[in-house]
Amino acid sequence: MGANKHAILQDQAAVLLVTDVVEAAGFWHDKLGFSEGSFWGDPPDFCICQRDGQSVFLAQATGQAALVPLRQLNPHLWNFYLFVDNVEAMYREVKKRGAPLEYGLCDQPYGCREFAVRDPDGNVVGIGQNRDGAL
């Protein structure tokens with residue numbers, strides 16, 4: 001046992017609900033440069049895609065579940081946010097890959113330079129760089 005009196009968080013991964021896990025994994029791979037993904041289920045209903053040590057979990061919605069992207073509930077929200085060390089380079093990369101932009105590169109009042117893309121289910125992925133250290 002270690003000297004820690006409580007568990008130390010080591011990482012995190014967001015879970016996105018999607019209508020088609022295989023299609024969603026294709027988006028994360030083709031448009032955002034993540035791994036092709038590791039799939040579970042027959043047919044696949046769960047996938048983990050990774051890039052640069054970061055993970056996104058893709059879970060297929062079941063039954064008649066209605067997927068409502070957070071941006072429809074609040075126009076200032078994303079379903080997922082990625083911090084990068086060079087937002088301009090990432091912007092060029094995803095544009096070259098043909099990712100559908102939700103909005104282009106801009107500076108935000110909370111200190112991030114960012115842009116956002118939209119996946120096939122309407123989930124919005126914000127991608128930004130903290131510019132002033134406020135976050």
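Arg97 is partly exposed, with a relative accessible area of 33% (partly exposed lies between buried, under 20%, and exposed, over 50%, using a 1.4 Å probe and protein chains only). This is a predicted model, where local features need pLDDT of at least 70 and side-chain atom pairs count only at pLDDT 80 or more, while totals for chains, interfaces and linings use all residues. Residues are numbered from 1 along each chain as its sequence is written, and side-chain values use heavy atoms, leaving out hydrogens and water.

You can find Arg97 in the loop between helix H3 (87-96) and strand E6 (101-107); helices (H or I, at least four residues) and strands (E, at least two) are DSSP runs, numbered from the N terminus. Leaving aside neighbours within four places in sequence, Arg97 is in contact with His29, Asp30, Lys31, Leu32 and Gly33 (contact means heavy atoms within 4.5 Å).

## Glu114, a buried charge

Now look at strand E7 (residues 112-118), where Glu114 sits. Glu114 is buried without a salt bridge, and the nearest side chain of opposite charge, Arg71, is 6.9 Å away. A salt bridge would need a side-chain nitrogen of Lys or Arg within 4 Å of a carboxyl oxygen of Asp or Glu. For charge, Lys and Arg count as positive and Asp and Glu as negative, with His and the chain ends not counted.

What does the list of contacts for Glu114 include, leaving aside its neighbours within four places in sequence? Among them are Trp78, Val87 and Ile127.
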